[in-house]
Amino acid sequence: YTDSELTKDIKYILIKLNYKKPIFCDVGAYRGKWISKYLRSFPNLIAYLIEPHEKSYLYLKEKFKNNENIKLFKIGLSNSTEIKKVNINAKSYTNSFLEFDKDASKSWKYEKFENLYKEEVRIEKLTDFVKENNISKINVLKLDVQGYEYKVLKGAENLLKDNLIDIILLEVITIPTYKNQSKINQIFNILDSYKYSLYGIYDME
């Protein structure tokens, strides 16, 4: 097994900052593959895994049932608190609170874009989530939220303002995939307003 350049860089930063027990918040945890990469290097890490899709949540629950430092939450994050429907799609890694854009199939020629059904789930602000769970600081925040990045960041503004998030890792889609998906300039503007700077761009497709 070989770490990607992204994983190597995040591990390097955490080691340089001398974090022995880093706190991760994995939003859109899916099958837990991402956090597993860091467990190998930081076995004592604490991770909050957020996954709104029932099937993926149950998978995570079974996968990490013997690790008390992995905490699971079947919720979604946004800039509001409400009950919302998440779109469950044929390709489960495309599940999103947003519906597919009409040009999605043109943007991704070899992918299947089909909505199967919807699930109701509670959404809340990351600021409220951190308070509810007595999280002092997030060392690494990872967002894989399929076009919903801006709304999640808007719901985290108090944390950004108070420097309570060290590293933010975003998976961002730049071609038409979802209706009303986050735009690059929206994401950069909010991060820039709280003095976050770009460290690197990785794994472009």
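Asparagine 18, which follows helix H1, has a positive phi, near 65°; helices (H or I, at least four residues) and strands (E, at least two) are DSSP runs, numbered from the N terminus. The model is a predicted one, in which local features need pLDDT of at least 70 and side-chain atom pairs count only at pLDDT 80 or more, whereas totals for chains, interfaces and linings use all residues. Residues are numbered from 1 along each chain as its sequence is written, and side-chain values use heavy atoms, with hydrogens and water left out.

Helix H1 itself has twelve residues and reaches 16 Å from its first C-alpha to its last, close to the 16 Å expected at 1.5 Å a residue, the expected span being 1.5 Å times one less than the number of residues. Its buried residues are Leu6, Thr7, Ile10, Lys11, Ile13 and Leu14, where buried means under 20% relative accessible area, exposed over 50%, and partly exposed in between (1.4 Å probe, protein chains only). Seen down the axis of H1, these buried residues fall within an arc of 160°, so they line one face of the helix; the arc is that of the directions from the helix axis to the C-beta atoms. Ile15 and Lys16, on the other side of H1, are exposed. The buried residues of H1 pack against strand E1 (23-27), helix H2 (33-39), strand E7 (138-143) and strand E8 (165-170). Lysine 11 is buried, with a relative accessible area of 8%, and, leaving aside its neighbours within four places in sequence, lysine 11 is in contact with Asp3, Lys37, Tyr38, Ser41 and Phe42, contact meaning heavy atoms within 4.5 Å.

In helix H8 (residues 184-193), Ile187, Ile190 and Leu191 are buried. These three residues cover an arc of only 95° around the axis, which puts them on the same side of H8, while Asn189 and Asp192 on the other side of H8 are exposed. The buried residues of H8 pack against helix H6 (149-154), helix H7 (157-161) and E8. H8 is followed by lysine 195, whose phi is positive, near 70°.

The largest nonpolar core has 39 residues, and those with the most contacts inside it are Val27, Ile50, Leu126, Phe129, Ile138, Leu141 and Ile165; such a core is a set of buried Ala, Val, Leu, Ile, Met, Phe, Trp, Tyr and Cys residues joined through side-chain atoms within 4.5 Å. Apart from this core lies another, of 20 residues, among them Ile10, Ile35, Ile167 and Leu169.

An open sheet of three strands has the order E4-E6-E5, with mixed pairing, two strands being paired if DSSP finds at least two bridges between them. Strand E4 (76-78) and E5 stand at the edges, each with a single partner strand, so one side of each is left without a neighbour in the sheet. E5 pairs with strand E6 (residues 115-125) in the antiparallel sense over eight bridges, and valine 86 has glutamate 119 as its bridge partner in E6. Isoleucine 83, found in strand E5 (residues 82-89), is exposed, with a relative accessible area of 53%. Leaving aside its neighbours within four places in sequence, isoleucine 83 is in contact with Glu120, Val121 and Arg122; the C-alpha atoms of isoleucine 83 and valine 121, which are 38 residues apart along the chain, are separated by 5.6 Å.
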